[in-house]
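Let's take a friendly tour of a protein model, looking at its rings, its surface and one of its loops. Keep the 3D view open as you read.

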Amino acid sequence: MTVAERGTARAAQTKRKEREPDEDQKSAFAEAVRLEMMSDEEGHGGDDGDAESDEEVDEFPEIDARSDTESGEESDEDEEGEESGDEDEDEDGLASGSDSDSDIHIFPKPKAIVSEITGHPKRVYPEIEPGYDSDSSTEDDPNRVGNIPMHWYDDLPHVGYDINGKRVLRPAKGDELDKFLKIVEDPTSWTSALDNNTQMDKPLSPEELDIIRRLQAGENPDAGYDPYEPTTEWFTGKGKEEVMPLSGAPEPKRRWLPSKWEKQKIMKIVRAIRQGRIVGSKPKTAGDKSQFYAIWNEPSSKQPPPLPAPKPPLPTHGESYNPPEEYLPTAAERIEWENTDPEYRERDYLPEKYSALRLVPAYDHFIKQRFNRQLDLYLAPRIQRTRLNIDPNSLIPKLPSPGSLRPFPTYSSLKHTHTNARVRCVSISPEGTWVVSGDESGVVSMWEVNVGREVKRWTLKSKVAAVEWCPRTDASYFVVGTEDKLHFIIPPNLPSAILHSTQSTLTPATLPPATQSPVKWSSTPGIEDGVVLTLLLPAASGLSSQVTWHRKGDYLATVSSSESQGGVWIHQVSRRHSQAPFKKIKGSVQLVLFHPIKPHFFVATQRYVRVYNLAEQKLIKTLMPGTKWISSMDIHPSGDHLIVGGYDKKLSWFDLELNDKPYKILRYHTRAIRSLHFHPTYPLFASSSDDGSIQIFHGRVYSDLMTDPLIVPLKILRGHNISEGLGVLQVKWVSKQPWLVSAGADGNATVWCS
């Protein structure tokens with residue numbers, strides 16, 4: 001007998017022994033209580049007998065012999081299959097099942113192997129490989145790190161571990177160009193999202209894309225949600241009334257027991273009342289005064305008495321119920337009054353005539369009138385304010401009279417006329433004897449200040465835009481700015497010593513070495529006698545609109561109309577060298593100036609004035625005059641003050657030691673300001689405008705920094721005619737006299753004397 005057969009026999013004997021005592025106990029119990037123990041079939045028969053004893057007899061259903069036979073056969077087959085299966089298992093414990101078992105069981109057949117650890121046989125089932133139709137829940141997630149921050153793996157070559165504990169390597173990623181090409185080639189690339197767990201893009205399903213679209217549109221993410229579905233009335237209607245309570249919780253004790261904490265609060269208040277810390281309000285009696293009072297009758301103790309209430313206007317004849325005929329409106333006046341807006345009507349009623357007072361109807365505007373009256377009372381002033389009686393003339397600052405500030409120019413002394421051209425520029429020699437003026441036809445004229453006699457005339461080929469005399473006293477020459485050129489001209493009738501010094505300065509015997517610069521210096525004689533040196537600016541530089549000298553007379557700066565490098569050039573006469581100080585500058589440069597004392601350089605663009613330090617080559621400050629377009633500027637001989645004029649008719653005075661905003665803004669001109677100039681020795685400055693006038697100001701600057709400058713308008717000079725919208729284009733002071741020379745668009749150069 002095998003081991004399996006011995007085990008089966010022991011189990012059968014054990015079951016038989018357990019069953020026999022139960023039967024003995026049942027028989028003993030039946031004999032003791034004298035009951036007849038019937039089987040299930042006999043019990044059913046007894047039930048039928050009871051049913052027959054009752055008068056109601058149920059019919060027994062018919063029996064289908066075919067179904068019983070089939071079911072019986074099936075049950076017999078099942079029992080036989082189970083018995084045979086048990087016998088096979090008992091006979092061959094490690095062998096495979098019978099053919100019937102293979103039809104019933106869906107699991108694969110195991111393999112019998114011997115365990116390497118215990119040495120006993122065991123059954124091993126093959127792994128289940130799910131197909132495409134299997135549930136996705138059986139698929140293994142490649143990354144099993146769980147819900148952890150994925151940035152822990154940023155510096156590692158892998159992104160986690162799989163179910164077997166092996167590393168899941170990070171997928172390869174291309175650069176931005178590869179991403180762009182992927183987007184261009186794959187039109188569905190935008191429908192994918194990055195999976196942080198696998199570091200790969202996974203496509204989104206149509207349902208997920210629909211949810212994203214709904215969230216962006218602010219809609220409910222559930223596509224099946226209907227916000228307009230009909231309301232279901234659960235507790236409304238007959239038979240739907242709520243009878244039973246919603247909760248079966250017992251009633252809390254606080255419903256009938258007093259609160260302990262409220263008792264403590266009440267006792268605290270009672271003790272405070274007994275100790276006198278809480279005093280109740282006294283009961284009101286009939287003799288107490290009314291709580292309403294007239295706000296107009298009670299004076300204030302700390303303030304002056306209030307004003308009386310404004311009285312309503314008295315009625316006029318037009319408000320009578322029987323006014324005179326001349327107060328009654330006509331039909332046209334009535335229509336006009338009705339069509340007029342109520343706030344623009346002269347009166348808010350129309351006179352009407354009634355033969356008797358009893359025929360007057362009720363006043364339909366009574367409530368509105370009472371409301372307006374109460375509103376007037378509410379908004380009326382309650383305090384009487386004392387008005388300050390100040391003389392307006394006392395607010396005007398006291399300025400000295402112009403007569404005490406003489407001398408300053410007051411009349412036109414002489415005129416020098418340029419025929420058929422506008423006089424664009426003038427310049428005066430350092431000693432104050434000669435005047436050089438240039439016009440748009442290319443004519444440069446030199447004449448005397450005292451008598452106006454013309455000494456010399458030069459005719460150039462292009463329009464003259466700037467003329468400036470060199471400030472040196474040991475040499476005498478001036479520079480004329482034209483189209484792409486600068487002409488250095490020596491005036492006639494010079495003393496021999498000054499003439500020799502001038503020629504040695506402009507045309508030395510040994511020329512300095514040439515430098516690499518786009519500006520060319522040429523000593524070839526010019527168009528006419530006197531033009532000893534010509535400076536050729538780069539091509540397309542444009543018209544030289546300004547020429548300004550350094551106080552020592554060796555450097556001069558020019559501003560051209562071109563936009564390259566800001567159009568600013570600084571030239572050195574002794575070395576014949578030119579350089580552009582700015583490679584790039586913000587804005588279009590309008591004007592430049594040298595500081596009279598310090599190595600500072602002022603550059604004016606359309607809106608700002610920037611101050612540069614030439615020695616350190618850096619920006620010091622930026623002045624903001626608040627002008628839309630700067631047209632002119634000049635610096636005080638002390639170097640601490642600057643005036644800036646603009647095309648918007650404003651003149652701004654700057655204190656350079658005080659602030660980058662204007663100290664004072666003057667608006668005396670009615671049109672654009674064209675020129676400004678400080679007098680070298682007198683406390684005077686002048687401004688010219690397109691309105692044809694010249695404003696003369698007294699501008700005294702004190703050495704005490706705590707004293708503000710004194711600015712007084714002195715005189716308005718009128719004598720130039722306006723030509724094509726242009727007036728006085730430039731003004732210059734005579735260095736040693738309080739005289740002024742002006743250049744006008746009418747072709748006249750005028751000298752104004754005191």
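Predicted model: local features only at pLDDT ≥ 70, side-chain atom pairs only at ≥ 80, totals over all residues.

Now look for the aromatic rings. The structure holds 13 aromatic pairs. In one of them, the ring centres of tryptophan 458 and phenylalanine 478 are 5.6 Å apart and the planes stand at 75 degrees, so this pair is edge-to-face. Tryptophan 458 belongs to strand E11 (residues 454-459) and phenylalanine 478 to strand E13 (residues 478-482), so the pair ties together parts that are 20 residues apart in sequence. Are these two residues buried or exposed? Tryptophan 458 has 1% relative accessibility, so it counts as buried. Phenylalanine 478, at 0%, counts as buried too.

A second pair joins phenylalanine 678 and phenylalanine 685: their ring centres are 5.5 Å apart, and their planes meet at 55 degrees, so the pair is tilted. Phenylalanine 678 is buried at 4% relative accessibility, and phenylalanine 685 is buried at 0%.

## Charges over rings

Lysine 260 sits over the face of tryptophan 261, 4.6 Å from the ring centre. In another example, arginine 347 lies over the face of tyrosine 349, at 5.8 Å from the ring centre.

## A nonpolar patch on the surface

Next, turn to the outside. Leu177, Phe180, Leu181 and Val184 make up a nonpolar surface patch, and together they have about 400 Å² of accessible area. One of these residues, leucine 181, is placed in helix H5 (residues 176-185). With a relative accessibility of 37%, leucine 181 counts as partly exposed.

## A glutamate in a loop

Our last stop is glutamate 657. Where is glutamate 657 found? Its place is the loop between strand E27 (651-655) and strand E28 (664-666). Glutamate 657 has a relative accessible area of 55%, so this residue is exposed.

Leaving aside residues up to four places away in sequence, glutamate 657 touches Lys598 and Asp640.

Methods. Residues numbered from 1 in each chain as written. Heavy atoms only, no water. Phe/Tyr/Trp six-rings, centres within 6.5 Å; stacked < 30°, edge-to-face > 60°. Helix = DSSP H or I, 4+ residues; strand = E, 2+ residues; numbered from the N terminus. Buried < 20%, exposed > 50% of the residue type's maximum accessible area, 1.4 Å probe, protein only. Lys NZ or Arg CZ within 6 Å of the ring centre and 35° of its normal. Patch = residues over 30% accessible without salt bridge, like charges linked within 9 Å, V, L, I, M, F, W, Y side chains within 5 Å. Areas by Shrake-Rupley, 256 points an atom, 1.4 Å probe, with all protein chains shown as cover. Salt bridge = Lys/Arg side-chain N within 4 Å of Asp/Glu carboxyl O. Contact = heavy atoms within 4.5 Å.
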